[in-house]
Amino acid sequence: MGLLDDRIVLVNGGSQGVGAAVARAAVREGATVAVTGRRPEPGAALVAELSAAGGEARYVRADLADAEQARSSVAEVIGAYGRIDCLVNAAGLTSRGTLLDTTPELFDQHIAVNLKGPFFAMQAAVADMVGRKAPGTVVNIITSSAHGGQPFLAPYVAAKAGLIGLTRNAAHAHRWDRVRINGLNIGWTATEGEDATQREFHGAGDGWRDEAAARLPMGKLGQPDEIADFVVFLLSERSGVVTGSVIDWDQNVLGGLD
(Lines give C-alpha, C1' and ligand atoms only; values in the text may rest on other atoms or scores of the structure.)
Protein backbone atom coordinates (compact mmCIF):
# COMPACT_ATOMS: atom_id res chain seq x y z
CA MET A 1 0.00 0.00 0.00
CA GLY A 2 1.15 3.53 -0.77
CA LEU A 3 1.36 6.29 1.80
CA LEU A 4 -1.35 8.25 -0.03
CA ASP A 5 -3.63 5.50 -1.31
CA ASP A 6 -7.13 6.81 -2.09
CA ARG A 7 -6.15 10.42 -1.32
CA ILE A 8 -7.16 13.36 -3.49
CA VAL A 9 -4.19 15.74 -3.59
CA LEU A 10 -4.03 19.25 -5.06
CA VAL A 11 -0.57 20.70 -5.70
CA ASN A 12 -0.68 24.42 -6.37
CA GLY A 13 2.25 25.47 -8.52
CA GLY A 14 2.58 21.82 -9.44
CA SER A 15 3.47 21.96 -13.12
CA GLN A 16 7.23 22.32 -12.57
CA GLY A 17 9.96 22.41 -9.94
CA VAL A 18 9.24 21.24 -6.41
CA GLY A 19 5.51 21.11 -7.10
CA ALA A 20 5.95 18.73 -10.03
CA ALA A 21 8.25 16.55 -7.93
CA VAL A 22 5.57 16.41 -5.22
CA ALA A 23 2.96 15.44 -7.82
CA ARG A 24 5.17 12.59 -9.07
CA ALA A 25 5.87 11.34 -5.55
CA ALA A 26 2.20 11.52 -4.56
CA VAL A 27 1.12 9.51 -7.61
CA ARG A 28 3.78 6.89 -6.84
CA GLU A 29 2.28 6.63 -3.34
CA GLY A 30 -1.22 5.97 -4.68
CA ALA A 31 -2.81 9.44 -4.76
CA THR A 32 -5.04 11.00 -7.36
CA VAL A 33 -3.35 14.30 -8.12
CA ALA A 34 -4.39 17.65 -9.56
CA VAL A 35 -1.79 20.30 -10.35
CA THR A 36 -2.28 23.99 -11.00
CA GLY A 37 -0.19 26.38 -13.03
CA ARG A 38 -0.53 29.45 -15.20
CA ARG A 39 0.84 27.86 -18.37
CA PRO A 40 -1.04 24.90 -19.84
CA GLU A 41 1.88 23.39 -21.76
CA PRO A 42 4.00 22.19 -18.80
CA GLY A 43 0.85 21.26 -16.89
CA ALA A 44 -0.46 19.11 -19.73
CA ALA A 45 2.98 17.53 -20.22
CA LEU A 46 3.19 16.56 -16.55
CA VAL A 47 -0.32 15.09 -16.55
CA ALA A 48 0.53 13.06 -19.65
CA GLU A 49 3.70 11.78 -17.94
CA LEU A 50 1.82 10.79 -14.78
CA SER A 51 -1.00 9.17 -16.74
CA ALA A 52 1.47 7.19 -18.85
CA ALA A 53 2.96 5.87 -15.61
CA GLY A 54 -0.49 4.62 -14.57
CA GLY A 55 -1.47 7.49 -12.32
CA GLU A 56 -4.67 9.50 -12.14
CA ALA A 57 -3.91 13.18 -12.71
CA ARG A 58 -5.43 16.37 -14.05
CA TYR A 59 -4.28 19.91 -14.79
CA VAL A 60 -6.16 22.96 -13.52
CA ARG A 61 -5.20 26.25 -15.10
CA ALA A 62 -4.99 28.87 -12.35
CA ASP A 63 -3.03 31.96 -11.41
CA LEU A 64 -2.60 31.77 -7.65
CA ALA A 65 -2.05 35.53 -7.49
CA ASP A 66 -5.82 35.80 -7.97
CA ALA A 67 -7.67 34.80 -4.81
CA GLU A 68 -10.75 33.73 -6.76
CA GLN A 69 -8.68 31.45 -8.97
CA ALA A 70 -6.99 30.00 -5.88
CA ARG A 71 -10.39 29.14 -4.45
CA SER A 72 -11.81 27.93 -7.76
CA SER A 73 -8.87 25.55 -8.25
CA VAL A 74 -9.95 23.78 -5.07
CA ALA A 75 -13.59 23.89 -6.16
CA GLU A 76 -12.68 22.26 -9.48
CA VAL A 77 -10.94 19.40 -7.70
CA ILE A 78 -13.89 18.89 -5.37
CA GLY A 79 -16.25 19.00 -8.35
CA ALA A 80 -14.24 16.35 -10.17
CA TYR A 81 -13.56 13.97 -7.28
CA GLY A 82 -16.10 14.84 -4.61
CA ARG A 83 -13.58 15.98 -2.02
CA ILE A 84 -10.03 17.16 -1.32
CA ASP A 85 -7.85 15.35 1.21
CA CYS A 86 -4.48 17.05 0.85
CA LEU A 87 -3.27 20.45 -0.32
CA VAL A 88 0.28 21.48 -1.14
CA ASN A 89 1.02 25.16 -1.76
CA ALA A 90 4.19 25.10 -3.84
CA ALA A 91 3.69 28.16 -6.07
CA GLY A 92 6.17 30.94 -5.44
CA LEU A 93 7.49 34.23 -6.79
CA THR A 94 11.19 34.99 -6.20
CA SER A 95 11.76 38.19 -8.20
CA ARG A 96 14.27 40.46 -6.53
CA GLY A 97 13.79 43.66 -4.55
CA THR A 98 15.47 45.37 -1.60
CA LEU A 99 13.86 47.51 1.08
CA LEU A 100 14.98 50.63 -0.81
CA ASP A 101 14.09 49.73 -4.40
CA THR A 102 10.94 47.58 -4.04
CA THR A 103 7.92 49.24 -5.61
CA PRO A 104 4.40 48.90 -4.23
CA GLU A 105 3.56 46.90 -7.36
CA LEU A 106 6.36 44.38 -6.76
CA PHE A 107 5.45 44.11 -3.09
CA ASP A 108 1.81 43.41 -3.99
CA GLN A 109 2.89 40.71 -6.47
CA HIS A 110 4.82 38.89 -3.77
CA ILE A 111 1.98 39.13 -1.28
CA ALA A 112 -0.47 37.87 -3.90
CA VAL A 113 1.50 34.78 -4.96
CA ASN A 114 3.37 33.89 -1.79
CA LEU A 115 0.72 34.64 0.82
CA LYS A 116 -2.73 35.53 -0.46
CA GLY A 117 -2.95 32.61 -2.89
CA PRO A 118 -2.05 30.02 -0.24
CA PHE A 119 -4.43 31.69 2.24
CA PHE A 120 -7.48 31.37 0.00
CA ALA A 121 -6.57 27.93 -1.32
CA MET A 122 -6.31 26.77 2.30
CA GLN A 123 -9.59 28.48 3.09
CA ALA A 124 -11.41 26.51 0.38
CA ALA A 125 -9.68 23.19 1.10
CA VAL A 126 -10.11 23.31 4.88
CA ALA A 127 -13.76 24.35 4.47
CA ASP A 128 -14.35 21.13 2.52
CA MET A 129 -12.56 19.01 5.12
CA VAL A 130 -14.42 20.62 8.02
CA GLY A 131 -17.73 20.46 6.18
CA ARG A 132 -17.32 16.71 5.69
CA LYS A 133 -16.00 16.24 9.24
CA ALA A 134 -13.05 14.48 7.66
CA PRO A 135 -9.34 14.71 8.47
CA GLY A 136 -7.00 16.34 5.99
CA THR A 137 -3.50 17.66 5.57
CA VAL A 138 -1.87 20.79 4.18
CA VAL A 139 1.80 21.42 3.50
CA ASN A 140 3.06 24.90 2.65
CA ILE A 141 6.38 25.20 0.84
CA ILE A 142 8.03 28.23 2.42
CA THR A 143 11.75 29.19 2.50
CA SER A 144 14.65 29.28 4.92
CA SER A 145 15.03 32.92 3.85
CA ALA A 146 11.90 33.69 5.85
CA HIS A 147 14.17 33.82 8.90
CA GLY A 148 15.79 36.94 7.44
CA GLY A 149 17.18 36.25 4.01
CA GLN A 150 19.34 38.26 1.68
CA PRO A 151 18.85 42.02 1.27
CA PHE A 152 17.64 41.55 -2.32
CA LEU A 153 14.73 39.35 -1.17
CA ALA A 154 12.88 41.91 0.97
CA PRO A 155 9.33 41.51 -0.43
CA TYR A 156 9.76 37.75 -0.81
CA VAL A 157 10.85 37.42 2.82
CA ALA A 158 7.98 39.60 4.02
CA ALA A 159 5.39 37.47 2.23
CA LYS A 160 6.91 34.10 3.15
CA ALA A 161 7.32 35.09 6.79
CA GLY A 162 3.61 35.82 6.71
CA LEU A 163 3.01 32.30 5.39
CA ILE A 164 4.86 30.89 8.41
CA GLY A 165 2.50 32.76 10.72
CA LEU A 166 -0.51 31.65 8.70
CA THR A 167 0.61 28.01 8.81
CA ARG A 168 0.82 28.02 12.59
CA ASN A 169 -2.38 30.03 13.06
CA ALA A 170 -4.43 27.77 10.82
CA ALA A 171 -2.95 24.62 12.35
CA HIS A 172 -3.92 25.82 15.82
CA ALA A 173 -7.40 26.84 14.68
CA HIS A 174 -8.21 23.48 13.07
CA ARG A 175 -6.41 20.94 15.23
CA TRP A 176 -9.73 19.80 16.74
CA ASP A 177 -11.02 19.29 13.20
CA ARG A 178 -8.13 16.82 12.65
CA VAL A 179 -6.79 19.01 9.86
CA ARG A 180 -3.01 19.01 10.11
CA ILE A 181 -1.14 21.96 8.59
CA ASN A 182 2.65 22.10 8.38
CA GLY A 183 5.33 23.97 6.44
CA LEU A 184 8.79 23.39 5.00
CA ASN A 185 11.41 26.11 4.97
CA ILE A 186 13.41 24.85 2.01
CA GLY A 187 16.90 26.09 1.19
CA TRP A 188 18.60 26.67 -2.15
CA THR A 189 17.03 24.16 -4.55
CA ALA A 190 17.88 23.02 -8.08
CA THR A 191 14.71 23.82 -10.03
CA GLU A 192 13.88 25.23 -13.45
CA GLY A 193 12.64 28.39 -11.78
CA GLU A 194 15.86 28.85 -9.83
CA ASP A 195 17.87 28.41 -13.02
CA ALA A 196 15.86 31.17 -14.70
CA THR A 197 16.22 33.42 -11.64
CA GLN A 198 20.00 32.98 -11.45
CA ARG A 199 20.37 33.78 -15.12
CA GLU A 200 18.02 36.78 -15.12
CA PHE A 201 19.03 38.48 -11.88
CA HIS A 202 22.58 37.30 -11.24
CA GLY A 203 24.08 36.81 -14.70
CA ALA A 204 24.73 33.12 -14.05
CA GLY A 205 26.15 30.91 -16.77
CA ASP A 206 25.66 27.23 -17.55
CA GLY A 207 27.94 26.09 -14.73
CA TRP A 208 26.27 27.98 -11.89
CA ARG A 209 24.83 24.83 -10.25
CA ASP A 210 28.24 23.19 -9.90
CA GLU A 211 29.77 26.42 -8.61
CA ALA A 212 26.97 26.84 -6.09
CA ALA A 213 27.16 23.20 -4.97
CA ALA A 214 30.88 23.53 -4.27
CA ARG A 215 30.11 26.25 -1.72
CA LEU A 216 27.51 24.21 0.18
CA PRO A 217 28.17 21.83 3.10
CA MET A 218 26.65 18.75 1.44
CA GLY A 219 28.19 19.51 -1.95
CA LYS A 220 24.88 19.87 -3.73
CA LEU A 221 21.79 22.03 -3.89
CA GLY A 222 18.53 20.76 -2.46
CA GLN A 223 16.90 18.27 -4.79
CA PRO A 224 13.17 18.51 -5.63
CA ASP A 225 12.63 14.75 -5.38
CA GLU A 226 14.09 14.68 -1.87
CA ILE A 227 11.83 17.52 -0.79
CA ALA A 228 8.88 15.75 -2.42
CA ASP A 229 9.46 12.60 -0.37
CA PHE A 230 9.39 14.68 2.81
CA VAL A 231 6.19 16.44 1.72
CA VAL A 232 4.48 13.10 1.04
CA PHE A 233 5.49 11.95 4.52
CA LEU A 234 3.90 15.07 6.06
CA LEU A 235 0.74 14.58 3.99
CA SER A 236 0.44 10.96 5.06
CA GLU A 237 -0.68 9.33 8.28
CA ARG A 238 2.93 8.24 8.88
CA SER A 239 3.65 11.74 10.21
CA GLY A 240 1.20 11.03 13.01
CA VAL A 241 -0.25 13.96 14.94
CA VAL A 242 2.30 16.57 13.82
CA THR A 243 0.70 19.91 13.07
CA GLY A 244 1.78 23.55 13.22
CA SER A 245 5.41 22.60 12.55
CA VAL A 246 7.53 24.69 10.20
CA ILE A 247 10.58 22.56 9.50
CA ASP A 248 13.91 23.93 8.25
CA TRP A 249 14.72 21.64 5.32
CA ASP A 250 18.17 23.01 4.67
CA GLN A 251 21.88 22.24 5.09
CA ASN A 252 22.68 25.52 6.83
CA VAL A 253 21.84 25.66 10.53
CA LEU A 254 19.93 28.67 11.79
CA GLY A 255 21.95 30.44 14.44
CA GLY A 256 25.10 28.45 13.75
CA LEU A 257 28.28 30.54 13.42
CA ASP A 258 31.79 29.74 12.17
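In the predicted model, Leu 163 sits in helix 5, which spans residues 154-173. Its relative accessibility is 1%, so Leu 163 counts as buried. Beyond its sequence neighbours up to four places away, Leu 163 touches Asn 114, Leu 115, Pro 118, Asn 140, Ile 141 and Ile 142. Leu 115 is 48 residues away from Leu 163 in sequence, yet the C-alpha atoms are 5.6 Å apart.

Helix 5 also forms part of a chain crossing. The path runs from strand 5 through helix 5 to strand 6. This β-α-β crossover is right-handed. Strand 5 covers residues 136-141 and pairs with strand 6 in the parallel sense, over six bridges. Within this pairing, Asn 140 has Gly 183 of strand 6 as its bridge partner. Asn 140 is also one of the residues touched by Leu 163.

Strand 6, residues 179-186, is mostly covered. Eight of its eight residues are buried. In a regular strand, side chains alternate between the two faces of the sheet. In strand 6, Val 179, Ile 181, Gly 183 and Asn 185 point one way. Arg 180, Asn 182, Leu 184 and Ile 186 point the other way. Strand 6 also runs parallel to strand 7, joined by four bridges. Here Ile 186 has Trp 249 of strand 7 as its bridge partner.

These strands belong to an open sheet of seven, in the order 3-2-1-4-5-6-7, with parallel pairing. Strand 3 (56-61) and strand 7 (246-249) are the edge strands, each pairing on one side only. From one strand to the next, the twist averages 15 degrees.

Val 35 stands opposite Tyr 59 of strand 3. Helix 2 (residues 40-52) lies across strand 2 and strand 3 and runs at about 175 degrees to strand 3. Helix 3 (residues 67-81) packs on the sheet and touches strand 1 (8-12), strand 2 and strand 3. The direction of helix 3 makes about 145 degrees with that of strand 3.

The largest nonpolar core holds 33 residues. Val 9, Val 11, Val 33, Val 35, Val 88, Val 231 and Leu 235 touch the most other members. Helix 1 (residues 17-28) gives the most to this core, with eight residues. Val 33 has contacts that include Val 9, Val 11, Ala 23, Ala 26 and Val 27. A second, separate core of 29 residues includes Leu 87, Ala 125, Val 126 and Val 246.

Charged pairs complete the description. Side chains of opposite charge can pair when their charged atoms come close. Eleven salt bridges are found in the whole structure. Arg 24 and Glu 49 meet at 2.6 Å, N to O. This pair links distant parts of the chain, with Arg 24 in helix 1 and Glu 49 in helix 2, 25 residues apart. Arg 24 is partly exposed at 30% relative accessibility, and Glu 49 is partly exposed at 37%.

Glu 68 forms a salt bridge with Arg 71, with the closest N and O atoms 2.2 Å apart. Both residues lie in helix 3, three residues apart, about one turn of the helix. A salt bridge at 3.0 Å, N to O, joins the side chains of Arg 199 and Asp 206. Arg 199 is partly exposed at 34%, whereas Asp 206 is exposed at 66%. Asp 6, Arg 83, Asp 85, Asp 128 and Arg 132 are linked in a network of salt bridges.

Definitions and conventions:
Residues numbered from 1 in each chain as written. Predicted model: local features only at pLDDT ≥ 70, side-chain atom pairs only at ≥ 80, totals over all residues. Heavy atoms only, no water. Pairing = 2+ DSSP bridges. Helix = DSSP H or I, 4+ residues; strand = E, 2+ residues; numbered from the N terminus. Axes fitted to C-alpha atoms, helices over the stretch in contact; angles between N-to-C directions. Contact = heavy atoms within 4.5 Å. Buried < 20%, exposed > 50% of the residue type's maximum accessible area, 1.4 Å probe, protein only. Right-handed = clockwise from strand over helix to strand, strands pointing away. Core = buried A, V, L, I, M, F, W, Y, C linked by side-chain atoms within 4.5 Å. Salt bridge = Lys/Arg side-chain N within 4 Å of Asp/Glu carboxyl O.
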